[in-house]
Amino acid sequence: MIDLRELYQEVILDHNRQPRNFRVPEHPQRQAEGYNPLCGDKITVYVHVDQGQIRDVSFKGAGCAISQASASLMTEAVLGKSLAEARSLFEGFHHLLTDEGSGPSTGGDLGKLEVFSGVREYPMRVKCATLAWHTLKSALEDESATVSTESPNPTPSGGP
Amino acid sequence: MVKTEATLVAPSLDPGLLRPDFPALDQKIHGHPLVYLDNAATTQKPTAVLRALDRYYRRDCSNVHRGVHTLSQRSTASYESARGIVQRFLGSSSDREIVFVRGATEGINLVARSFLGPRLEPGDEVLVTAMEHHANIVPWQLVCKAAGARLRVLPMDDRGELRLEELGKVLTERTRLLAAVHVSNALGTVNPVEELVAAARQRGVPVLLDGAQAVPHKAVNVEALGCDFYVFSGHKAFGPTGIGVLWGRREHLETMEPYQGGGDMIVTVGFEGSTFREPPARFEAGTPNIAGAIGLGAALEYLEELGLPQIEAYEAELLSYATQRIGSLPGIRLIGTARRKAGVLSFVVEGVHPHDVGTILDQRGVAVRVGHHCAQPVMAHFGVPATVRASFAFYNTRFEVDALEQGLREVKEIFGP
């Protein structure tokens, strides 16, 4: 049996209770919305990029503990990073969540983000953890459209 | 407290004796006995249904309405006999009024396309209620958009009861159809459909009732209800997936255009044109879900044997117990507290997203639905993105309610005060 504490680690619960960088900037430079229609998670990520570097990043929204904590920890992780570094973090994070059997440290130094390693045991929850990252990616690419976990290619989960 | 008249007359039903009829209930999930409380999504299947499917595929497998050979005669007889069971189950006067479809959703789409669509004119209105499943909203929106008609909504109050006093405002001379849910999937509200039907009929407005959550829980008689169309899904009534029923008044079905074209629904086909069969064949193009229909027949017979009044009485008591136990936990807000309810306990846990609740409960073997239950307008009404929904069937027990309660205590432990 999987211990629920592996999933709901104290760091995750803490970031869920008190999300960091949870604010709308006065003059948003880039932003994108993310939406998971299966559970109703909605998030807006704001990012300020200057000379290829993330100078500010914040978010607003509502969702489950995994998605809120993931967004919060993401903002801490990518702040001050270059776009390439942020992309590489997302790749490492994605790898951490989805690649069975691989060690938690294969995607480079993920630091605090490794608290999400337990999510790997809960395939239905992977999207909760990656929503903020997909939304950040969209904001960085300056796409105005809402990111949905369910489009354009619907997944088999969900339903009435 | 949920009480019904049936409580007074019916002998009690013993789930302990019935549970062995449902093989899927007997398993462990993450080391705990499965507590299946997601019956509004789909129900488990009794061996009677599994045997009927098995028998069809092992012994009688052939197409219907075509061959002269023995297997085809057997499968045709079983398929049409299932139609007869549905007719009896719904209290319909003719098996010609029973159309097999994929589920309630397809039944509604069929009525929208073949009945309402051709009759809609710009400025016309279709009336739905505030607690509809998406399946009873979107098909009407599609035909309304095509015709320049509009959808109107009968509102509900904060208990999750329809505000009948508003009916006079939204049921107008432009209303061409009233589509209402019999029992709400998200809230469990049993709607006063008799009153809705009476008000609509007074204005000559036909009524479609979505019975997906009613048929598994209570006796339904379409003649007594007085509606024009009634739909339900087999898989929510202990039958197979992919089969459902549209009941429609014969005088309506006979005037309706085909829904899909294909084999088995035609009289003659020529390249200059084709003619179509009488209902229900007109609406069953192609090889139907033969096994599904036969399985559904077996499921409905199983329900009849148990007795719908007995089922209703038992579930009312179980729901009342669950409402009391779960509702009295600290930090729980019940969503949907109508005076007449069936089968559903929807709630949110203060400070914890339903998704997290669902994951924790699953680790304790308790299966509930978390999400918007395909009823986003209902969620919006109550100001929540999603709820946790425990939905019951007659095979659920008080012990299982206790397991749910224990799981919710654990949620509070993990997430703290």
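Visitor: How many bridges join strand 4 of chain B to strand 10 of chain B, and do the two run parallel or antiparallel?

Guide: Four bridges, and they run antiparallel. Quick housekeeping: this is a predicted model, where local features need pLDDT of at least 70, side-chain atom pairs count only at pLDDT 80 or more, and totals for chains, interfaces and linings use all residues. Residues are numbered from 1 along each chain as its sequence is written, chains are lettered from A and ligands numbered from 1 in the order written, and side-chain values use heavy atoms, leaving out hydrogens and water.

Strands here are DSSP E runs of at least two residues, numbered from the N terminus, and two of them pair if DSSP finds at least two bridges between them. Strand 4 covers residues 98-101 of chain B, and strand 10 covers residues 244-248 of chain B. V101(B) sits opposite G244(B) of strand 10.

Seven bridges tie strand 2 of chain A to strand 1 of chain A, with A32(A) opposite V45(A). Those two strands make a hairpin with four residues between them, and G40(A) in the turn has a positive phi of about 85°. On to strand 3 of chain A: nine bridges join it to strand 2 of chain A, again antiparallel, and K42(A) faces A62(A).

Notes: Buried means under 20% relative accessible area, exposed over 50%, partly exposed in between (1.4 Å probe, protein chains only).
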